[in-house]
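I opened this notebook to keep a record of what I looked up in one structure, entry by entry. Each entry names a place and then says what I found there.

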Amino acid sequence: MGDRTSTQTGAAGRAPAADRPGSIRNVVLVGHSGSGKTTLVDALALASGAVNRAGRVEDGGSLSDYEEVEHRQQRSVQLSLVPVEWDGVKINLLDTPGYADFVGELRAGLRAADAALFVVSAADELDGSTRLVWEECAAVGMPRALVITHLEASRADFDEMAEVCRRTFGRDDPDAVLPLYLPLRGGTGGDGHAPVDGLIGLLTERVLDYSSGERVERAPDPAHRPLIEEARNRLIEGVIAESEDETLMDRYLGGEPVEVETLVRDLEKAIARGTFHPVLAAAPAPEDARQGLGTVEVLDLIARAFPDPTEREIPAVTTPDGRPHSPLTCDVDGPLAAEVVKTFSDPYVGRMSLVRVFSGTLRPDAGVHVCGRGAARRGNASGDGQGSLPGGFVERRETHEEDERVGALSSPFGSRQRHLSRAVAGDIACVARLSRAETGDTLSDPDDPLLMEPWVMPDPLLPVAVEAHGRADEDRLSHGLARLVAEDPTLRLEQNTDTHQVVLWCMGEAHRDVTLERLRTRGGVRVDAVPHKVALRETFAEPAAGRGRHVKQSGGHGQYAICEITVEPLPVGSGIEFVDRVVGGAVPRQFVPSVEKGVRAQAERGVAGGHPLVDVRVTLVDGKAHSVDSSDAAFQTAGALALREAASQARIHLLEPVAEVRVLVADEYVGAVLGDLSGRRGRVVGTEQVPGGGTLIRAEVPEAELDRYAVDLRSLSHGTGRFARSYLRHEPVPRQVEGRIREQAETGVA
């Protein structure tokens with residue numbers, strides 16, 4: 001912040017420890033895939049002394065991406081914690097995936113953090129999903145800063161990207177998003193592109209030279225003055241505008257010099273309040289250097305300007321039965337209130353829980369009360385990827401409670417765990433042996449049980465039907481799936497009784513691939529993905545009559561039952577009605593329920609394509625019985641035969657489920673989305689402008705057309721579209737597509 005040389009107090013091999021909340025900073029790194037978040041985390045760990053270059057290579061090349069699937073895909077797929085120490089402050093760096101499929105990991109990081117570091121690439125465009133997360137952080141007042149990376153790329157342009165960030169993120173106040181440093185380019189490289197080997201501090205007017213492999217502070221050259229003046233004046237005015245000293249602007253405009261120390265102090269306060277968002281620059285260290293360009297400046301910013309946990313509001317808490325509880329403060333001696341932000345499996349320790357302690361102190365071997373109701377979820381069998389949608393609803397799992405004993409406490413560092421003696425309020429730690437705790441659960445004192453307000457998670461978007469690959473896999477499938485769902489709240493498991501399929505609802509194709517890979521590697525379960533089926537129905541398109549005759553007289557006890565029925569269609573949603581209109585005792589009273597049972601059983605099995613029959617009235621009008629050979633079973637069979645005969649004489653409509661779809665999309669993509677919905681046989685029922693920007697489209701779309709809609713909408717809207725859906729009704733399939741739907745249902749071809 002003040003362009004000083006900081007002392008590194010971290011040491012490789014030792015977990016940074018904190019004994020008070022004021023010495024902790026929890027920072028989540030946010031940015032699109034490929035923006036450089038993981039590389040920046042490694043660079044910050046290297047600059048702080050938390051790891052040396054040899055140690056980083058030994059850990060797999062990256063502290064955050066250590067899973068095999070991450071190495072193979074060359075991207076982060078999970079939330080990871082890398083604690084470092086800087087100038088007496090423990091900094092918990094929370095690295096999040098940038099790919100939209102893993103937004104659940106991002107949300108967990110946002111929940112655990114007190115401030116956000118947005119990482120953007122100078123060589124790429126600013127993507128829509130990053131803008132959405134920025135707006136979400138702004139809505140809750142989370143302090144934010146930006147780091148521009150990839151300065152070494154040939155097409156990198158720091159000034160242009162800083163201006164894009166200023167216009168995009170400072171839409172309401174552009175002078176609240178300004179650079180603190182300007183990159184300084186040295187001699188021309190071999191490709192004619194001058195490498196960035198230093199920074200110019202705008203407030204102190206000092207050059208931070210990294211060209212030697214070490215950070216050296218010096219006075220600027222005369223040629224640097226024109227680069228500094230305009231940007232510095234704008235920065236000073238932006239800082240003064242956020243100052244709590246209302247006289248400072250008048251003094252500055254009157255020509256009175258403002259001390260650098262005053263500007264730095266006001267800047268740090270504005271950043272902590274979330275009203276000013278500085279822009280920094282960073283690049284990884286060369287092979288022979290210990291510090292990457294800008295890493296010291298980023299660490300200084302976090303330690304000096306980002307808020308500590310005492311400055312952030314703790315989520316609301318209640319008792320497990322919903323009664324109000326007094327608000328908590330971030331106090332090491334207060335009542336224990338901690339939250340599981342992530343659960344995962346360690347190959348040596350087993351199940352682990354990443355826990356953010358909001359109040360009290362968590363100690364090894366302590367008894368805790370585990371209470372959870374799952375993460376809040378918007379929509380139904382759908383998702384928005386970023387939060388709530390107008391017209392959505394909140395869904396929560398059943399509350400569950402149990403007492404457990406905390407195992408060992410540790411601090412994750414790449415793929416390793418380092419021992420912790422305790423975790424104080426404001427800190428983040430891993431807890432072993434919490435066998436029943438799930439992501440989103442609250443840990444509290446058994447004598448004072450608490451339940452924290454859950455954070456909103458996106459609903460899963462992509463249905464994936466799975467089958468066990470072999471008999472050995474069938475035995476482990478249920479346990480393996482349950483374990484994955486407990487670890488990942490963006491997964492939903494459905495046992496569909498209509499289609500008899502096991503369906504995993506995922507966020508997208510990449511999430512699906514990672515989930516099935518983890519099922520194989522962690523649970524030892526091999527599964528095959530099969531086409532997902534929708535729950536089709538059948539109904540009568542016109543009245544019909546049928547006669548069921550079940551007469552057998554040869555050998556043993558005879559069977560005799562005859563019944564005659566009429567069938568007529570009913571309005572959608574009526575179900576199956578059964579009416580007895582028999583007169584004169586043609587069917588004895590005791591066998592009328594048997595006929596109804598047979599009719600309903602056949603309706604459940606279907607009468608044409610094997611799909612349940614709905615929305616008809618079946619009337620028993622006549623029949624015959626035998627004094628000896630008639631029985632309950634005989635009349636059940638006769639009832640089923642009568643319904644099948646009636647179906648053979650009538651047109652049968654195939655019914656498909658239709659969903660109400662709510663799509664929130666930027667105005668420039670409305671035309672493309674409407675055209676796509678029309679191609680899916682959708683009917684648009686309304687559009688409306690949403691406060692804050694965007695258009696909400698309401699449509700009714702057959703569920704058979706929505707299997708890949710999450711993936712396609714993301715492509716259509718460049719990552720900015722969100723949608724939610726809910727079951728509306730079943731309705732007849734158009735005649736021109738009925739053959740295709742039947743074929744898909746019978747062959748399993750999606």
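**Entry 1: a loop residue**

I began with Ala 608, which lies in the loop between α13 (592-605) and β35 (616-625); helices (H or I, at least four residues) and strands (E, at least two) are DSSP runs, numbered from the N terminus. I noted that this is a predicted model, in which local features need pLDDT of at least 70 and side-chain atom pairs count only at pLDDT 80 or more, while totals for chains, interfaces and linings use all residues. I also noted that residues are numbered from 1 along each chain as its sequence is written, and that side-chain values use heavy atoms, with hydrogens and water left out.

Leaving out residues up to four places away in sequence, I found that Ala 608 touches Glu 538 and Ile 652, where contact means heavy atoms within 4.5 Å. Ala 608 and Ile 652 are 44 residues apart in sequence, and their C-alpha atoms are 7.3 Å apart in space.

**Entry 2: the whole chain**

I then looked at the protein chain as a whole, and its secondary structure comes to 17 helices and 39 strands. Of its 750 residues, 57% are buried, with buried meaning under 20% relative accessible area, exposed over 50%, and partly exposed in between (1.4 Å probe, protein chains only). The accessible surface of the chain comes to about 30700 Å², and 47% of that belongs to carbon and sulfur atoms; these areas come from the Shrake-Rupley method with a 1.4 Å probe, and for residues only the protein chains shown count as cover. Among contacts with a separation of 6 or more, 75% are accounted for by residues 24 or more positions apart.

**Entry 3: confidence**

I checked pLDDT, the predictor's confidence in each residue, from 0 to 100. The chain averages 87, and 89% of the residues score at least 70. Over residues 3-12 pLDDT stays under 50, and the model has 38 contacts beyond four places in sequence for that stretch. Over residues 188-192 pLDDT also stays under 50, and here the model has 6 such contacts.

**Entry 4: two helices**

Two packed helices are described by the angle between their axes and the distance between the axes. At what angle do helix α9 and helix α10 pack? I found about 75° for α9 (residues 260-273) and α10 (residues 295-305), with their axes 9 Å apart; axes are lines fitted to C-alpha atoms, for helices over the stretch in contact, and angles run from 0 to 180 degrees between N-to-C directions. The two helices are therefore roughly perpendicular to each other, given that angles under 35 degrees count as roughly parallel, over 145 as roughly antiparallel, 65 to 115 as roughly perpendicular and the rest as oblique.

In this packing, Val 264, Glu 268, Ile 271 and Ala 272 of α9 meet Leu 301, Arg 304 and Ala 305 of α10. By class, the contact has 5 nonpolar, no polar and 2 charged residues, where Ala, Val, Leu, Ile, Met, Phe, Trp, Tyr, Cys and Pro count as nonpolar, Asp, Glu, Lys and Arg as charged, and the others, Gly among them, as polar.

**Entry 5: Pro 307**

I moved on to Pro 307, found in the loop between α10 and β12 (317-318). Is Pro 307 buried or exposed? Its relative accessibility is 2%, so Pro 307 counts as buried. Beyond four places in sequence, Pro 307 touches residues including Ile 24, Asp 114, Ala 115 and Ala 272. Pro 307 and Ala 115 are 192 residues apart along the chain, and their C-alpha atoms are separated by 7.1 Å.

**Entry 6: His 550 and Thr 637**

Thr 637 is one of the residues in contact with His 550, and Ala 638 is another. The C-alpha atoms of His 550 and Ala 638 are 5.4 Å apart, across 88 residues of sequence.

**Entry 7: positive phi**

Last, I noted His 500, which has a positive phi of about 60° although it is not a glycine. His 500 is found in the loop between β28 (492-496) and β29 (501-506), and counts as exposed at 70% relative accessibility.
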